[in-house]
Amino acid sequence: MADTVLYEVSDGLATVTINRPEAMNALNVAAKAALRDALRTAGDDPGVRAVLLTATGRAFCVGQDLKEHISLLAADAADGSGGTMSTVREHYNPIVRALTEMPKPVVAGVNGVAAGAGLGFALACDYRVVADTASFNTSFAGVALTADSGVSWTLPRLIGQSRAADLLMFPRSITAEQAHELGIVNKLVPAADLAAEAAAVARALAQGPTLAYAALKESLAYGAGHSLSETLEKEGELQNRAGASQDHGIAVQAFIDKEKPRYVGH
């Protein structure tokens with residue numbers, strides 16, 4: 001059986017690929033555990049300076065594998081354990097935290113439909129490069145569930161509370177172009193160019209000032225839930241950290257020398 005998640009590191013870029021194309025990259029237990037572990041590995045590896053999350057086949061990820069899910073619900077009913085929904089705590093939450101909290105940039109290369117938790121994972125990335133043939137669907141209410149995988153936090157921050165409520169309460173597919181207009185998509189590209197374009201964006205970030213990117217991620221997350229005064233204090237703290245980095249010194253010297261900086265990620 002092929003690995004449900006592929007992991008490769010090259011020149012500071014970790015590429016994490018969901019690999020269940022025959023199931024439109026639906027998330028069974030094995031895939032969720034493998035994705036969680038791969039992202040944690042990337043986050044903890046000092047040699048990784050950026051991450052690309054993508055998928056094989058014609059879908060990015062359609063969310064929960066409902067065929068497996070219904071069998072697990074039946075087992076819950078039989079033994080009274082009720083453990084099926086613990087996947088949110090055991091898998092989805094750690095995956096989203098790994099994406100949002102790792103101190104390095106994460107690019108989503110969205111090659112096809114992203115629905116449910118698949119949408120959540122794409123939204124949890126820092127930058128989304130999306131094929132023009134892709135689509136997005138919240139899908140949760142369509143199977144009588146509420147939002148998970150961070151969607152209730154990420155989606156309103158990207159498109160506003162009212163639009164997020166509309167998409168969540170009336171789940172439907174929206175095109176890549178519509179998602180771009182809403183602000184979900186950072187870069188929209190022809191489907192044939194998706195792999196190359198997503199890799200190019202991720203590699204550019206892998207060669208950039210890693211500590212500065214980490215500080216930017218932390219600052220954006222902090223600012224989303226704190227006052228202006230508190231955020232200004234946080235910015236000062238983070239700027240002190242970035243200003244003490246080797247990369248800042250490299251950048252300043254390169255500016256003086258009129259050269260392109262060659263960052264080292266420290």
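Guide: Let's start at Val143, in the loop that runs from β8 (135-137) to α5 (151-159); helices (H or I, at least four residues) and strands (E, at least two) are DSSP runs numbered from the N terminus. This is a predicted model, where local features need pLDDT of at least 70 and side-chain atom pairs pLDDT 80 or more, while totals for chains, interfaces and linings use all residues. Residues are numbered from 1 along each chain as its sequence is written, and side-chain values use heavy atoms, without hydrogens or water.

Val143 has a relative accessible area of 44%, so it is partly exposed (buried is under 20%, exposed over 50%; 1.4 Å probe, protein chains only). Together with Leu66 and Leu145, Val143 makes a nonpolar surface patch of about 240 Å² (Shrake-Rupley areas, 1.4 Å probe, only the protein chains shown as cover for residues; members have over 30% relative accessible area and no salt bridge, with nonpolar side chains, Val, Leu, Ile, Met, Phe, Trp or Tyr, joined within 5 Å and like charges within 9 Å; a salt bridge puts a Lys or Arg side-chain nitrogen within 4 Å of an Asp or Glu carboxyl oxygen).

Tyr92 belongs to helix α3 (residues 87-101) and Phe121 to helix α4 (residues 117-124), so to speak distant parts of the chain, 29 residues apart.
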